[in-house]
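The structure under discussion follows.

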Amino acid sequence: MKFKVIGAVSLAVAAAGLFAAAAPAFAQQKTITVWWGKGFYRSEDDALLDTIKKFEAKTGIKVELSQYAIQDMIPKTVAALDAGTVPDVAYSDSYDVQAQGKWAYEGKLEDLTDVMEPIKSRFVQNTLDASILYNDVTKKKAYYGFPLKQQSMHVQIWNDMLEKAGFKQSDIPTDWAGYWTFWCDKVQPGIRKATGQRIYAVGQPMGVESTDAFQSFYTFMDAYHVKLVDDDGKLLVDDPKVRDGLIHALKDYTDTYIKGCTPPSSTTWKDPDNNVAFHNKTIVMTHNFTISIAAKWYEDSQNQALTPEQREAGKKAYEQDIITASFPKAPDGSTIRYRSDVKTGLIFTAAKNKAEAKQFISFLLQEDNVRPYIEGALGRWFPVTKESQASPFWQADKHRKAVYAQFTGGTAPFDFTKNWKFTILNNENVWAKAMNRVVSEKVPVDKAVDELIARIKQVAG
């Protein structure tokens, strides 16, 4: 999807016949191009458009906005880099995971220290850390991106299906082994007996084209305290403890499939597919890297284009039937420290209007502008600023409170923030490939792990 917002304020001024004498000077004002990933909800796109209108009105700088589907952003950006026709400002949910560290390393990103340094006290430290990347041309780290929002891992459960299977939320074990056994050995037989339908207890993302698969697998690795790199980005995969942890994590992850507790199609799932399976009630629970599953039903409850019955169904699902929860305790009884994925925007060194682009970023990151954009996503994204995290929005219902508690409990960064070559591994999704080696090709878990380690060393060593 693509649309443009061009000179909205200047058009309004012209239409009103005001400041006609200033028109020739105004016509000489700059135009910046902004590429932005299409929002998940209309309300977040509307908040971005409102900010653009305010920016144009305040500065006289016109903004030409193009929005694209997330899966199109990196191919379009790579083509623009090759052609030397990059936008002035760019943002995509996929940049940080798959490309931004590489671009910073290669010297293709503009240093945004002059934008971030004066306002860094407003931001939570982990979001600043994720924006500081290494440039091999300058041989230094700097702000080669600006933090905008972040996400982490959550579990979504149909409480009404759990009850239909004969259980309550309080029956869910909190220990690692007991938790997964509960879903496979108790809930799945219970829900199938109660409904007569082939419902699966778990939605376990395993598709190579699914970022959910690698993000979920990282949570399993974290349950076994697997540390692939040190703080300087040096690989630790030759440590026998790392190999042992990977074997346990991969076995636990794939056992759910081998036991028949997740749909056979989960090996080819893309990012929306576990959401769809949950919404269709063909699974009882799934883990997802946002609360977009629950938020979909909230959006339905507010959507005036739907029938009253559909809105009421959305309200019931959001307020009563869906649970947002955390993972169980790690196998050693400790609490898992979740990864946070801080989404960052950027300016390329080849951009033509860098000064005006930095003005736009500074304006966007003002609290009155960034907060409506984040909250417009209905809880799907968590804020990067201290003030926005303290907003009443995050205490408004049980789902948002769960997100708030998880983030404020402390998070850890992904490995690609320390070693940019992990963006290549994530783009290949070596994690899902290892899963599929086990479940589809019947390769022993330890052999699949050895192949995984070999590929990590080949790419990121």
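## Domain arrangement

In this predicted model, the C-alpha centres of domain 1 and domain 2 are 28 Å apart. The domain assignment builds each domain from two segments: 31–151 and 342–415 for domain 1, and 154–337 and 429–460 for domain 2.

## The interface between the domains

Contact between the domains involves 21 residues of domain 1 and 25 residues of domain 2. About 2,100 Å² is buried between domain 1 and domain 2, and carbon and sulfur atoms account for 59% of that area. On the domain 1 side, the residues losing the most area to domain 2 are His 399, Phe 414 and Asp 415, which together make up 31% of what that side buries.

On the side of domain 1 that touches domain 2, helices α5 (95–98) and α19 (398–408) each supply at least two residues. The largest contribution to that side comes from α19, with six residues. Sorted by class, the side of domain 1 that touches domain 2 comprises eight nonpolar, seven polar and six charged residues.

## Salt bridges

The structure as a whole contains 33 salt bridges. One of them pairs Arg 339 with Asp 415, with the closest N and O atoms 3.7 Å apart. Arg 339 is in the loop between β10 (322–325) and β11 (341–346), and Asp 415 is in the loop between α19 and α20 (422–428), so this pair ties together parts that are 76 residues apart in sequence. Arg 339 and Asp 415 are both buried.

A further salt bridge joins Glu 387 and Arg 371, again with a closest N–O distance of 3.7 Å. Because Glu 387 belongs to helix α18 (residues 386–389) and Arg 371 to helix α17 (residues 367–375), the pair ties together parts 16 residues apart in sequence. Glu 387 is partly exposed, at a relative accessible area of 49%. Asp 397 and Arg 400 also form a salt bridge, at 3.4 Å between the closest N and O atoms; Asp 397 and Arg 400 are both buried.

## The surroundings of Ser 266

Ser 266 is located in the loop between α12 (240–258) and α13 (273–279). The relative accessible area of Ser 266 is 0%, so this residue is classed as buried. The side chain of Ser 266 makes a polar contact of 3.3 Å with that of Thr 262. Beyond residues up to four places away in sequence, Ser 266 touches Gln 204, Pro 205, Met 206, Gly 207 and Tyr 257.

How values were computed. Residues are numbered from 1 along each chain as its sequence is written. This is a predicted model: local features need pLDDT of at least 70, side-chain atom pairs count only at pLDDT 80 or more; totals for chains, interfaces and linings use all residues. Side-chain values use heavy atoms; hydrogens and water are left out. Domain bounds come from an automatic or database domain assignment. Contact means heavy atoms within 4.5 Å. Buried area is the accessible area (1.4 Å probe) that two parts lose on being put together, summed over both. Helices (H or I, at least four residues) and strands (E, at least two) are DSSP runs, numbered from the N terminus. Ala, Val, Leu, Ile, Met, Phe, Trp, Tyr, Cys and Pro count as nonpolar, Asp, Glu, Lys and Arg as charged, and the others, Gly among them, as polar. Buried means under 20% relative accessible area, exposed over 50%, partly exposed in between (1.4 Å probe, protein chains only). A polar contact is a pair of N or O atoms within 3.5 Å; within protein, one must be able to donate a hydrogen and the other to accept it, and residues adjacent in sequence count only if both atoms are side-chain atoms. A salt bridge is a side-chain nitrogen of Lys or Arg within 4 Å of a carboxyl oxygen of Asp or Glu.
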